[in-house]
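Subject: Structure handover

Hello,

Here is the structure for your files. My notes follow below it.

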Amino acid sequence: MTHPTLTGAEILWATLVGEGVTTVFGYPGGAILPAYDALRKFPIHHVLTRHEQGAAHMADGYARASGKVGVAIATSGPGATNLVTGIATAMLDSIPIVCITGQVSSKVLGSDAFQEIDITGITLPITKHNFVATRAEEIAPMIREAFQIAASGRPGPVLVDITKDAQQGTALFNFEESAPDPFRPHPMLRAESTEVSRAIELMRASHRPVILAGHGIIHSAAEREVRAFAERYQIPVATTLLGLGAFPASHPLALGMMGMHGESWVNHAIQQADLLLAFGMRFDDRVTGNLASYAPNAKKIHIEIDPSEINKNVLVDVALIGDLKEVLGTMEPLIHDKSYLADATSDNNTSQWLREIGAMKGDAAVRDIINLPDNGHLYAAHVINDIWQEAKAAGRLDKTIIATDVGQHQMWEAQYFKHEDTRTLITSGGLGTMGFALPAAIGAKMARPDCDVWCIAGDGGFQMTASELSTIGQENLHINVAIINNGFLGMVRQWQEAFYDKNYACSPILSPDFVKLAGAHGIPGAHVAERKDVTPTVTKARTGSSPFVINFSVEKEDGVYPMIAPGSALHEMVLRPNPLIETAEDE
Amino acid sequence: MLHTFVALVDDKPGTLTRVASLFRRLNVNIVSLTVGESERDGISRMTIVCDAPEHAADRIRASLYKLESTRDVDELGRSEAVIRELCLIKIAAGPNSPHGQHSRSQIFELANVFRARVVDLAPESIMLEMTGAASKIEGLLQVLRESNFEILEVSRTGRMAMRRGHHTSRVLKALGTKTAEDTPVAFPDRPDTDDLPNQFSEHEA
């Protein structure tokens with residue numbers, strides 16, 4: 001078989017096609033123009049974004065919704081630097097994306113040529129790896145290796161910088177021979193059998209175990225295994241923000257989200273546990289609270305693919321390094337050998353523990369805003385709850401993807417939208433990137449056109465990337481946008497209220513009329529300010545055929561509770577005010 | 001305390017930056033770093049000596065493993081490895097130097113005692129080459145200074161290290177070295193101290 005001689009630009013697209021790419025998100029410019037010139041010959045749909053940051057977030061949302069590698073493409077210089085926030089977002093949440101940037105011709109590299117920037121240098125700390133291709137024949141092997149690195153092990157973003165002359169030059173194209181060596185987990189990075197035995201011993205000795213379910217479950221596609229594990233040994237499951245959806249929220253063993261804004265019983269259960277099984281999570285400061293008093297009586301088993309996470313924040317008793325699915329697969333037969341089963345006759349029965357956790361819920365539900373009588377005010381919690389109820393009533397919980405921005409509405413979403421299915425929540429957890437929601441929702445819709453996609457954003461964050469409304473219009477995507485509009489940078493305001501003597505410095509924000517803004521993009525919308533209008537409007541948006549923007553004017557000075565102040569222990573939380581009927585405006 | 005890591009890394013542009021950048025990010029100071037060819041094609045060998053708390057070693061090692069360019073990392077204690085450094089020292093040794101006409105013979109004597117070699121002899125200076133443990137080199141330099149010799153230039157390579165005995169790592173065995181023997185690698189070790197491993201900036205007591 002002979003292999004064709006192609007230009008570097010053609011090799012780029014042909015390699016992407018070979019890797020199974022059907023959609024890329026990008027923005028053309030001088031140094032990447034040869035690639036754009038060749039695009040029309042290949043079956044790849046290019047989504048033109050309004051800003052390269054949007055391209056990176058869309059690739060990110062695409063990857064999170066589909067599990068495939070997302071691809072963003074930009075030109076050199078400012079195009080490349082605009083990707084940086086998006087790449088860092090993907091890095092902190094371990095999302096597999098490949099970013100392709102144009103670069104000035106190799107002959108002028110390092111000469112401060114027009115739109116030249118050292119993007120591989122800039123992205124060194126925020127990529128899993130990056131490459132520079134200066135010749136056409138380097139492109140196919142580099143792109144293929146980039147895909148492998150992005151998706152293997154602990155996933156992450158990879159950047160490939162391709163000079164203009166590499167795109168213009170020619171080379172033989174051989175997709176098969178460009179394959180990197182098959183990915184092999186590092187021999188060192190393996191759960192040792194002695195460690196597995198120690199983990200099982202700890203399980204056998206435990207009466208109050210809790211599983212900490214993290215993002216790793218989704219990356220490892222181990223949702224079924226974790227569920228089976230929890231059910232078999234009757235271990236309650238607390239979830240991190242990025243782990244939401246990995247374990248069904250309505251499951252009797254599901255506790256809910258842990259950490260800074262987790263429900264009180266979840267954090268109390270962790271603090272009182274005698275064994276924590278950390279599945280693909282990294283003991284982030286937002287889930288541990290004060291480390292000195294974190295789960296003081298618990299032995300800790302950490303199943304994690306990245307050894308640099310072991311003993312980083314929390315010292316663990318057993319570390320099982322490897323892919324969660326594989327490690328659980330190795331563990332389970334061994335547990336059966338030792339007849340560890342949570343049946344009524346076993347010493348390891350957890351029913352007493354489950355009853356104790358049930359009792360911890362106390363009056364939390366009574367103080368929940370959802371269960372309080374309508375007082376004429378619209379709360380963000382109502383909006384989230386009603387969007388969830390709408391999806392539930394339509395039987396589309398598994399087909400509803402929520403992309404959130406960062407801040408109060410993000411936490412309310414995590415608390416009130418009960419995610420039953422994996423990959424239904426797309427949110428920036430690690431970096432906390434405002435402006436993430438709208439482009440991520442576009443990426444998710446491109447990946448899963450069969451799903452109802454909601455972008456839930458605050459009035460602040462939405463304006464950071466609101467220009468992508470125009471992308472929605474151009475692509476004619478049915479994405480529903482819910483803007484939780486309280487006239488403040490809400491989380492900033494809440495912190496100022498709690499820790500800065502209510503000095504609301506620069507947190508009040510004046511917004512445009514979002515419905516008119518949507519209208520200018522040819523997108524219909526509606527204002528909602530009363531509880532009774534929420535569900536009809538949400539239904540209208542969901543069942544329509546066009547994108548829809550809803551501006552929810554919610555309670556201005558509402559707070560996210562429970563809340564753990566920085567430096568406080570995980571169980572020292574500020575509960576919801578009781579009752580939360582009075583509001584700032586009533587006073 | 002000082003940690004000595006030996007890393008086998010891809011011999012490609014940018015690899016040094018990636019390794020150095022990792023230490024920068026962890027806020028760990030590199031005491032010395034040597035890079036050169038290894039016994040394998042396309043693989044460089046780095047010996048990195050850094051000053052970090054005792055419990056930081058595991059995390060530095062794990063972070064080194066995270067780099068795509070890294071093939072293997074080993075941490076060497078002093079007892080189990082040969083650690084050597086090469087040093088060139090140029091000393092003023094002419095009629096106008098502090099010891100005058102007798103400079104040369106005194107330097108020859110010192111060189112003899114410290115097993116250093118004279119590699120260059122000029123009318124006004126002598127260059128010594130010395131290979132050995134860092135402490136030996138520092139010993140020679142100290143004697144030279146305390147004997148009032150004028151040291152004109154010092155160039156040290158930084159430390160190079162290799163495990164003693166018939167040892168090759170488990171990783172190299174997996175990569176296909178014929179002579180490898182299996183050595184148990186207990187990782188990660190739980191540090192004895194309760195200090196958190198990410199507190200690199202704090203100095204040890």
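How many helices and strands does chain B have? There are five helices and nine strands in chain B. Please keep in mind that this is a predicted model. Along the sequence, the elements of chain B run β-α-β-β-α-β-β-α-β-β-α-β-β-α. Chain B has 205 residues, of which 44% count as buried.

B:Arg115 counts as exposed because its relative accessibility is 73%, and the cut-off for exposed is over 50%.

The other patch is nonpolar and covers about 190 Å² of surface, made by B:Leu86, B:Leu88 and B:Val119. Of its members, B:Leu86 belongs to strand S5 of chain B, residues 81-92. With a relative accessible area of 31%, B:Leu86 is partly exposed; that class lies between the limit for buried, under 20%, and the limit for exposed, over 50%.

On cysteines, the search of the whole structure gave zero disulfides over all chains. A:Cys99 has a relative accessible area of 0%, so this residue is buried. B:Cys50 is likewise buried, with a relative accessible area of 0%.

Regards

Notes: Residues numbered from 1 in each chain as written. Chains lettered and ligands numbered in written order. Predicted model: local features only at pLDDT ≥ 70, side-chain atom pairs only at ≥ 80, totals over all residues. Heavy atoms only, no water. Buried < 20%, exposed > 50% of the residue type's maximum accessible area, 1.4 Å probe, protein only. Disulfide = S-S within 2.5 Å. Helix = DSSP H or I, 4+ residues; strand = E, 2+ residues; numbered from the N terminus. Patch = residues over 30% accessible without salt bridge, like charges linked within 9 Å, V, L, I, M, F, W, Y side chains within 5 Å. Areas by Shrake-Rupley, 256 points an atom, 1.4 Å probe, with all protein chains shown as cover. Salt bridge = Lys/Arg side-chain N within 4 Å of Asp/Glu carboxyl O.
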